[in-house]
Amino acid sequence: MSSVDHERAGFIGRGWKWLKGSIVKCRDKVVEVARKTKKLGQDDPRRIIHSLKAGLAVSLVSLLYYFKPLYGGFGVSTMWAVLTVVVVFEFSVGATLGRGLNRGLATMLAGALGVGAHYLANLPGRTAQPILLVLFVFLLAAAVSFVRFFPKMKARYDYGLLIFMLTFCLVSITGYQDKEVLDLAHKRLSTILIGSFTAVFVSICICPVWAGDDLHKLVSGNVEKLGNFLEGFAGEYFKVPGDGESRDNKTFLQGYRSILTSKNSEDSLTNFARWEPRHGRFRFRHPWKQYQKIGSLTRQCAYHIEALRIYPYPDIQAPAEIQRQIQDACTEMSTESGKALKELASAIKSMTKPSSVNTHIVNSKTAAKVLKFLLKTSSCEDFVLLEVMPTAMVAAQLVEVVTCVEKIAESVHELASLAHFKDAKPEQKPALGQPQQLQQTMQQFSGIEGPHHIITINGSSAVLPEVSIQECGTVVHVTNTDIIKGSKAKTNVREMRQYLSF
């Protein structure tokens, strides 16, 4: 075989390999696109329904072209109905209503002003008409552009302001060459209203997607994610490294991170929900802005949790004695706060007033005060500051988390009042007694000799325990037979009274 034949065979071989590789790449891309499309539909089947609804809305309004009586009346302006459906139809009912009303009202107002500007420009004569029209357009465009900087106008009426400016310019400028400016404004307004009505009708009547429902689920879900984290955090932090499952394999320790980036979603859903009529469990003028307040407090708590996650399993472990002293208090704070948040989330979902949240918050606040007492009275002189700091920082962040949980509870109670949540089924009140965490704390001091004091604790399910202290020489009697002794008992008891009473 000659060299020419060899070159030709090599060229054909390379070409075949390239063609085969291209076919394989195209096949892989098609498979990948199909896989992503399937996943997109499975994540939220409403997306498929929305796509079908959008196609139906555009098809309905495009029928204007096929009926001569209607097309003859509107003419080329029929295209404005199709364009309106394309730009107005959104995923949720609130977004569609907001855009539709913005577009309709802006078109009506701008059309009227455009006609007025056209006739005012005609008064001085044909020569001054273009000068006055340009002046009117300049003044209105400048004013509308400035108004768009106001936050409230930007949030709810930005699209309407854009349409207002666009419609005014089109009516006033095109009317310069078209003497029938009133007829032009009428046709455009009519077709835009037809397009807006079609989009709103299809959005509401066929499988509606309510922004209020999505906001309701988003806020309650975020609160529940915080509760899941706090309920499992203490067990993970105080677990000995190497025992059991790794912290990174715990999905509940990662779920809260989506809360940190939820502000934009909450703001947009709140804005859309305010446009929606009464539907389902949500009344007219439902307090949607209260959801924003709860979401803001939830993110604030999530930021504290993000700081809290820095300290588990640091390179330098705190001494076992320090960890042992605060472990019960930290566990109580974290667990009770988690239970409170999960109950608040359940109350928001079911739209019922939370019943036993106050009990969990009281327990977490009591544990926080006990923790402060322990941190202040523990003798840390024998430990290196660097060894104690991580544990102290965890304790401080947990105290901040307890404060955030209390604020979230207040906001949820306010939402329940404004939205007229139903009363929950009455539950039996727990028996009055001494908090378990305080009993464990006093038992830690039970092995020390010295002056003794009587501590009487009267518990309450609504407020923190009231503490009364009396000295009685060398014998101590404490509720539930718990005894606090020690050579520094007088100082410690005084400090405990300071931390455990209001």
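Tutor: What follows is a set of questions about labels, each answered from a value and its definition. This is a predicted model, in which local features need pLDDT of at least 70, side-chain atom pairs count only at pLDDT 80 or more, and totals for chains, interfaces and linings use all residues. Residues are numbered from 1 along each chain as its sequence is written, and side-chain values use heavy atoms, with hydrogens and water left out.

Student: Happy with that. What makes up the secondary structure of the protein?

Tutor: The protein has 16 helices and two strands. Helices (H or I, at least four residues) and strands (E, at least two) are DSSP runs, numbered from the N terminus.

Student: How many of the 502 residues count as buried, as a percentage?

Tutor: The share is 41% of the 502 residues. Buried means under 20% relative accessible area, exposed means over 50%, and partly exposed lies in between, with a 1.4 Å probe and protein chains only.

Student: Why does His50 count as buried?

Tutor: Its relative accessibility is 19%, so His50 falls under the 20% limit. His50 lies in helix H2, residues 46–62. Leaving aside neighbours within four places in sequence, His50 is in contact (heavy atoms within 4.5 Å) with Phe89, Glu90 and Phe91.

Student: And why is Val137 called buried?

Tutor: Val137 has a relative accessible area of 16%, and is therefore buried by that rule. Val137 belongs to helix H6, residues 129–147. With neighbours up to four places away in sequence set aside, Val137 contacts Phe168, Cys169, Ser172 and Ile173. Val137 and Leu170 are 33 residues apart in sequence, and their C-alpha atoms are 9.9 Å apart in space.

Student: Which residues does the UniProt annotation "transmembrane region" cover?

Tutor: In the unreviewed UniProt entry, that annotation covers 48–67, 79–97, 104–121, 127–147, 159–177 and 189–211. UniProt positions are given in the numbering used here, feature names are shortened, and annotations may be inferred rather than shown by experiment. In the model, residues 48–67 are 75% helix and 0% strand, with end C-alpha atoms 30 Å apart. Residues 127–147 are 90% helix and 0% strand, and their end C-alpha atoms lie 32 Å apart.

Student: What makes H4 and H5 oblique to each other?

Tutor: The axes of helix H4 (residues 79–88) and helix H5 (residues 93–122) cross at roughly 140° and come within 9 Å. Axes are lines fitted to C-alpha atoms, for helices over the stretch in contact, and angles run from 0 to 180 degrees between N-to-C directions. Angles under 35 degrees count as roughly parallel, over 145 as roughly antiparallel, 65 to 115 as roughly perpendicular and the rest as oblique, so this pair is oblique. The contact is made by Trp80, Thr84, Val87 and Val88 of H4 with Thr96, Arg99, Gly100 and Arg103 of H5.

Student: How do you know that H10 and H11 are roughly antiparallel?

Tutor: Helix H10 (residues 263–273) and helix H11 (residues 288–308) pack at about 175°, with axes 9 Å apart. That angle is over 145, and H10 and H11 are therefore roughly antiparallel. Their contact includes Lys263, Glu266 and Asp267 of H10 and Trp288, Lys289 and Arg299 of H11.

Student: Why is Arg285 called exposed?

Tutor: Arg285 has a relative accessible area of 73%, so it passes the 50% limit. Arg285 sits in the loop between H10 and H11, and its phi is near 60°, a positive value in a residue other than glycine.

Student: What makes a set of residues a nonpolar core?

Tutor: A nonpolar core is a set of buried Ala, Val, Leu, Ile, Met, Phe, Trp, Tyr and Cys residues joined through side-chain atoms within 4.5 Å. The largest here has 51 residues, and those touching the most other members include Leu226, Tyr291, Leu344 and Leu371. Its largest share, 13 residues, comes from H14.
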